[in-house]
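Take a moment with the view before reading on.

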Amino acid sequence: MQIVILGAGLIGNPMARDLAQDSDKNVLIVDRDAQKLKELEKIDAIDVQVADATDPLILKELTRDAAVVINALPGFLGYQTLKHLLELGKNVVDIAFFPEDALALQTLALKNQVTALVDCGVAPGMSNLLVGYGQSLLKKVEEVKIYVGGLPRVRQLPWEYKAVFSPIDVIEEYTRPARFKKDGKIVVKEPLTDPEFIDFPQVGTLEAFNSDGLRTLLYTIDAPDMVEKTLRYPGHREKVLFLKQTGLLDEAPLEINGQKIRPIDLTCQTLFKQWQLKPGEEDLTVMRVEVRGPDGGLQFDLLDFYDAKSGIHSMARTTGYTATIMARAMLNGLITEKGILPLEQLGHNHELVRFVFNEFHQRGIHYQQTEI
């Protein structure tokens, strides 16, 4: 049974290593950067291939025998690649987090009778599953709040932030308009707005601000009030606002010495070394999901840390393992629905939810559920 992973970055690498532990699965991981595959080619249970998976003909050959394809390409490549995979009749687990609307591919997925689980990370991803699960328990949902952040364990000036993925994907959180629901209507605000401070056990005080993480929840969950906010150490938000206000995150090209350069590209290139989590540097992932109904509510909390034994960062674990666990659930017959499936639409499947919690528990990742 073959699983093909497209993209061997800091998320794709741990996914391949995780799936390679299953004796009944053959893992093929693909990237056009041979350097990213070097570490993985030493593992017997993993096949690697240097190739450009965005080429439709190459993609067809790469995925010919795949039972499931995990799309872990950068966001700007994700939507078109997912479309090609659906056209090829492939079941997909997608963590590309592209800006386009995945539900627009529903007709294509149903036509080819395939399943595509979209936004299969920690948030969006597990946050969606927990909202759907909470809705199934409460029956009626009136309010949803999601707070999530990936942070370095050690705070260092000037940014007090580091990431396990490309700065361009982080910057997307700071520039994409934030959509949420208020009194049953979709409202759009600038990202980084409505800051608030929240205390988290073992972490301390974090600053939350608007970001565009609700995505499909806006259309699939019947709750009049929903918001998603990103968590950072206090002070980081003001520094990003400075970048925006000075035009350093603008996408319109400027001409400098005869060369046209987008300020955002220069900024990301500069930030890459400063924001990149290096091997051995510890991180943490913190998330809180609140789902409230007329007669009470549920709160789900996650606090996860860098795994020193495996050398895998927490954000890679919590994001990547969501995708690998969902791929296993699909292959085990726990997910049988066809079409484009955001994870909130699977929250009613309590057998699946128990499976997911158990798989995370085995990997030392724990979601705590309490009544509020």
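Q: How do you know that the span of helix H4 (residues 75–87) agrees with its 13 residues?
A: This is a predicted model, and the check is a simple one. At 1.5 Å a residue, H4 should span 18 Å, and its end C-alpha atoms lie 19 Å apart, so the two values agree.

Q: Which residues of H4 are called buried, and what makes them so?
A: They are Gly75, Leu77, Gly78, Tyr79, Thr81, Leu82, His84, Leu85 and Leu86. The term requires under 20% relative accessible area, so each of these residues falls below that cut-off. After H4 comes glycine 89, with a positive phi near 75 degrees.

Q: Why are strands S4 and S5 called a pair?
A: Pairing needs at least two bridges, and S4 (residues 66–71) and S5 (residues 92–94) have three, so they qualify, in the parallel sense. Asparagine 71 stands opposite aspartate 94 of S5.

Q: What is the strand order of the open sheet, and which strands stand at its edges?
A: The seven strands run S3-S2-S1-S4-S5-S6-S17, with parallel pairing. Strands S3 (46–50) and S17 (339–342) each have a single partner strand, so one side of each lacks a neighbour in the sheet. On average, neighbouring strands here are turned by 20 degrees against each other, direction ignored.

Q: What makes Leu254, Ile256, Ile261 and Leu266 a nonpolar patch on the surface?
A: Patch members need over 30% relative accessible area, and nonpolar side chains are joined within 5 Å, so these four residues meet both conditions. Together they have about 340 Å² of accessible area. Leucine 266 belongs to helix H10 (residues 263–275).

Terms used
Residues are numbered from 1 along each chain as its sequence is written. This is a predicted model: local features need pLDDT of at least 70, side-chain atom pairs count only at pLDDT 80 or more; totals for chains, interfaces and linings use all residues. Side-chain values use heavy atoms; hydrogens and water are left out. Helices (H or I, at least four residues) and strands (E, at least two) are DSSP runs, numbered from the N terminus. The expected span of a helix is 1.5 Å times one less than its number of residues. Buried means under 20% relative accessible area, exposed over 50%, partly exposed in between (1.4 Å probe, protein chains only). Patches are made of residues with over 30% relative accessible area and no salt bridge: like charges are joined within 9 Å, nonpolar side chains (Val, Leu, Ile, Met, Phe, Trp, Tyr) within 5 Å. Accessible areas come from the Shrake-Rupley method with a 1.4 Å probe; for residues, only the protein chains shown count as cover. Axes are lines fitted to C-alpha atoms, for helices over the stretch in contact, and angles run from 0 to 180 degrees between N-to-C directions.
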